[in-house]
Amino acid sequence: FDEGRSHFGSSCLTAAVHTLADTNVVSAMGKMIKAGRVCIVTAGRMAGKKAVVVKTFDEGSKARPFGHALVAGVEKEPLRVTKRMSKKKVAKKAGRVKAFVRYINYTHFLPTRYMIPAEIDCKGLVSDAQMDSPEGRKEAKKAIKEILKEKFMYCPLDKTGKPSKDILFLKRKLRF
């Protein structure tokens, strides 16, 4: 250590400068995390699961004083199907979807390049009022499950007429 200069003080100053620089970069780049963005949860019980951002809270809230988002995701992905399988078996395998909804800190998920198609109203998937009670969360999970099940069975087409890559990415299990 240099005499007359504390190591602690300089590190605090450096951290403050980096924080200032980071905020300027974010404002110049624009918002990456917004409603409809597909993300991968990196921490907690749902780590490794894919989710869709429903609502963002950049400034935090009274209950959660940090930047976070309300996400709805796929807890259990549908099983793989092949052409040889019967319609009954395809319906059984592809229909096994389990959904989850929760508030997640921005530092605990990774946004991807994928966005949910506009025809799926991501803001209507779950509301803050539903998240207040256990019955509301169960109701929201059931509704999300039905929407995901339908979209996974009959994948919407993109502009070129091919199945949407965003939905296909959300449907597939993350391999790591």
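Reader: Let's start with Val-41: in which strand is it found?
Author: Happy to begin there, with the reminder that this is a predicted model. Val-41 sits within one of the strands of the protein, and that strand is S1.

Reader: Is Val-41 buried or exposed?
Author: A residue counts as buried when its relative accessible area is under 20%. Val-41 has a relative accessible area of 2%, so Val-41 is buried.

Reader: What distance separates the C-alpha atoms of Val-41 and Leu-110?
Author: Along the chain, Val-41 and Leu-110 are 69 residues apart.

Reader: Staying with strand S1, which side chain of opposite charge is nearest to Arg-37?
Author: Arg-37 has its place in strand S1, which covers residues 37-41. Arg-37 is buried yet has no salt bridge. At 7.8 Å away, the nearest side chain of opposite charge is that of Asp-166.

Reader: Which backbone oxygens does the side chain of Arg-37 reach, then?
Author: A polar contact needs a pair of N or O atoms within 3.5 Å. A polar atom of the Arg-37 side chain lies 3.3 Å from the backbone oxygen of Arg-113. The side chain of Arg-37 also reaches, at 3.0 Å, the backbone oxygen of Thr-112.

Reader: Where is Thr-112 found, and is it buried or exposed?
Author: Thr-112 belongs to strand S5. Its relative accessibility is 11%, and buried means under 20%. Thr-112 therefore counts as buried.

Reader: Which backbone oxygen lies 2.6 Å from a polar atom of the side chain of Thr-112?
Author: Thr-112, in strand S5, has a polar side-chain atom 2.6 Å from a backbone oxygen. That oxygen belongs to Val-38.

Reader: Stepping back, in what order do the elements of the protein run from the N terminus?
Author: The secondary structure comes to five helices and five strands. Read from the N terminus on, the order is α-β-β-β-α-β-β-α-α-α.

Reader: What share of the residues in the protein is buried?
Author: The protein has 176 residues. Of these, the buried residues make up 31%.

Reader: How many salt bridges are there?
Author: Side chains of opposite charge can pair when their charged atoms come close. The cut-off here is a side-chain nitrogen of Lys or Arg within 4 Å of a carboxyl oxygen of Asp or Glu. By this rule, the count is three.

Reader: Which parts does the salt bridge between Lys-55 and Asp-128 tie together?
Author: The closest N and O atoms of Lys-55 and Asp-128 are 2.8 Å apart. Lys-55 lies in strand S2 and Asp-128 in helix H3, so the pair ties together parts that are 73 residues apart in sequence. Those parts are S2 (residues 50-57) and H3 (residues 128-131).

Reader: Which residue forms a salt bridge with Glu-75, and where do the two lie?
Author: The side chain of Glu-75 meets its partner at 3.7 Å, N to O, and the partner is Lys-98. Glu-75 lies in S3 and Lys-98 in S4, so the bridge joins parts 23 residues apart in sequence. The places asked for are strand S3 (residues 68-76) for Glu-75 and strand S4 (residues 98-105) for Lys-98.

Reader: Turning to the surface, which helix gives the most to the positive patch?
Author: The patch of positive charge gathers Lys-76, Lys-88, Lys-89, Lys-92 and Arg-96.

Reader: Last one: what is the relative accessible area of Lys-89?
Author: Lys-89 has its place in helix H2 and is one of the residues in the positive patch. Lys-89 counts as partly exposed, because its relative accessible area is 43%.

Methods
Residues are numbered from 1 along each chain as its sequence is written. This is a predicted model: local features need pLDDT of at least 70, side-chain atom pairs count only at pLDDT 80 or more; totals for chains, interfaces and linings use all residues. Side-chain values use heavy atoms; hydrogens and water are left out. Patches are made of residues with over 30% relative accessible area and no salt bridge: like charges are joined within 9 Å, nonpolar side chains (Val, Leu, Ile, Met, Phe, Trp, Tyr) within 5 Å. Accessible areas come from the Shrake-Rupley method with a 1.4 Å probe; for residues, only the protein chains shown count as cover. Lys and Arg count as positive and Asp and Glu as negative; His and the chain ends are not counted. The place of a charge is taken as NZ of Lys, CZ of Arg, CG of Asp or CD of Glu. Helices (H or I, at least four residues) and strands (E, at least two) are DSSP runs, numbered from the N terminus. Buried means under 20% relative accessible area, exposed over 50%, partly exposed in between (1.4 Å probe, protein chains only). A polar contact is a pair of N or O atoms within 3.5 Å; within protein, one must be able to donate a hydrogen and the other to accept it, and residues adjacent in sequence count only if both atoms are side-chain atoms.
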